[in-house]
Amino acid sequence: MHESRWARARTWAVYHGISALIHQPRLLRLIARTIQRQPWVGYAAGTVASRADVAAAFDRPLAFSSTAHRPNLVTGDFLIGLESGPRHTAERARLEARMPPPEDFGRCAADESRVRSNALLAGGGHAFDLIEDYMVPVAWQAMSGAFGAGLPRLEPGDPMFAHLRAIGAHLIVGRVATEAVQARARDSAAALNGWVRANIASLHVAWNTKGVLGADEVARAVVGLLWVGHPATVQSGALLVQEMLSRRADAWLRDLASDVRRHADPWSDAGLRERVRLHVLELLRLRPPFPLLMRDVRRDTLYGTDGKGHARGGSALTLLGIGAMSDPAALPGTPPCAFAPGRPLAFSEDRTLMFGRGGRQCVARDHVTETLVSAFVGLLRLPRLAWADPWWRRLRYDGPAIARMRLRFRAQ
């Protein structure tokens with residue numbers, strides 16, 4: 001009994017410690033820089049932080065696998081939780097073949113962003129919650145682009161959004177989730193599966209345009225996309241706005257906001273959207289939604305520079321992705337912590353490294369980016385956007401997920 005209580009206490013401490021740590025990008029970059037300068041520290045801690053070592057771990061999925069452990073399979077046997085290997089590769093290819101163009105997501109998100117930002121501007125600058133009042137409905141309508149607008153329209157406050165956040169929060173912390181967090185995620189997963197089954201007729205028609213998938217396959221695809229895509233997009237939107245507010249005086253952002261506000265329809269301007277996209281990716285480089293990732297070591301493996309790191313089979317390797325995205329060796333010409341949209345990169349593919357890499361990269365990377373671009377355009381239209389509350393209660397967390405983030409703006 002004593003050991004059981006100690007184990008629970010240790011799990012509780014680790015869970016809350018990681019939940020807090022992932023929202024400390026400066027501290028994580030400091031840790032990463034220490035490991036980059038003194039690789040033996042990372043070897044001792046089972047952690048890689050340089051761009052070269054993180055990329056190498058991503059490129060060796062059979063050695064460092066995103067294994068199908070409980071957190072990634074709480075809603076069922078879906079793609080993100082599958083072990084790296086032939087089945088994961090085949091299922092990923094199948095999903096990619098069914099995904100619509102990213103522009104469909106961007107267009108649906110733009111329609112909702114336009115409605116939401118116009119309503120806020122008409123209201124005269126009152127405070128609003130970025131999560132429930134804006135990002136949740138924008139991300140939901142964007143995902144309707146994956147299903148031919150077949151998703152039922154849900155208003156802010158709908159219980160389904162709370163269920164999606166609970167499952168998404170579970171995903172962020174992975175195997176260190178406490179029993180209470182796991183139990184809540186299982187209940188929410190059951191609710192999500194039930195909701196999809198109740199709406200399967202319209203979803204089957206929208207998703208199965210070629211008539212080759214059965215209802216069960218469609219339900220599995222829809223659940224898999226919703227429980228990962230929606231909360232991850234909402235969280236990413238909250239994080240990039242948080243980073244933006246810390247850099248409001250930056251000339252890059254001031255100029256972009258000014259151009260957006262002068263435009264009659266900024267969502268439809270391809271050139272302006274490209275500028276916004278570079279800003280979004282730079283903000284997420286500085287404050288990524290998944291700054292660290294765990295990989296299961298499937299067998300005794302050497303890693304790191306000259307193979308000096310040794311990971312034992314059955315252990316875990318921590319990938320400090322935020323370190324890879326701030327590694328001076330991969331960011332020539334500009335200080336890593338400087339805000340520089342479109343900055344030169346030693347490796348062009350690193351522009352989207354916050355979404356992972358290779359066969360484990362987010363399958364909807366470009367779709368999420370288009371959604372965030374449309375959402376960010378709507379927010380840039382709001383003049384003098386700022387925090388609505390004092391610093392000690394600006395954010396409310398649901399475990400590692402941001403559950404409340406109140407903002408305000410002043411009508412000009």
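Student: How much space lies in the second largest pocket?

Tutor: This is a predicted model, in which local features need pLDDT of at least 70 and side-chain atom pairs count only at pLDDT 80 or more, while totals for chains, interfaces and linings use all residues. Residues are numbered from 1 along each chain as its sequence is written, and side-chain values use heavy atoms, with hydrogens and water left out. On a 1 Å grid over the protein atoms alone, a pocket is an open set of points with protein on both sides within 12 Å along at least five of seven lines, whereas a cavity is a set where a 1.4 Å probe fits but cannot get out. Points are joined across faces, edges and corners, and a volume is the space filled by probe spheres set on them. For the second largest pocket this is about 360 Å³.

Student: Which residues line the second largest pocket and lie nearest its centre?

Tutor: Lining residues have an atom within 4 Å of a point. The second largest pocket has 16 of them, with His-23, Gln-242, Arg-287, Leu-395 and Tyr-397 nearest the centre. Helices (H or I, at least four residues) and strands (E, at least two) are DSSP runs, numbered from the N terminus. α1 (2-21), α11 (215-245) and β9 (395-398) each supply at least two lining residues, and α1 gives the most, with 3 residues.

Student: How do the residues of this lining of the second largest pocket divide?

Tutor: Ala, Val, Leu, Ile, Met, Phe, Trp, Tyr, Cys and Pro count as nonpolar, Asp, Glu, Lys and Arg as charged, and the others, Gly among them, as polar. The lining of the second largest pocket holds 6 nonpolar, 7 polar and 3 charged residues.

Student: How many cavities of 30 Å³ or more does the count give?

Tutor: The count comes to 3. The largest cavity holds about 160 Å³ of space. It is lined by 19 residues, and Arg-165, Pro-231, Ala-232, Val-234 and Gln-235 are the closest to its centre. Helix α8 provides the largest share of that lining, 7 residues. The lining of the largest cavity comprises 14 nonpolar, 3 polar and 2 charged residues.

Student: What lines the second largest cavity?

Tutor: That cavity, of about 140 Å³, has 17 lining residues, with Glu-282, Arg-285, Leu-345, Asp-350 and Arg-351 nearest its centre. Helix α13 (residues 270-286) contributes the largest share, 4 residues. The lining of the second largest cavity divides into 11 nonpolar, 1 polar and 5 charged residues.
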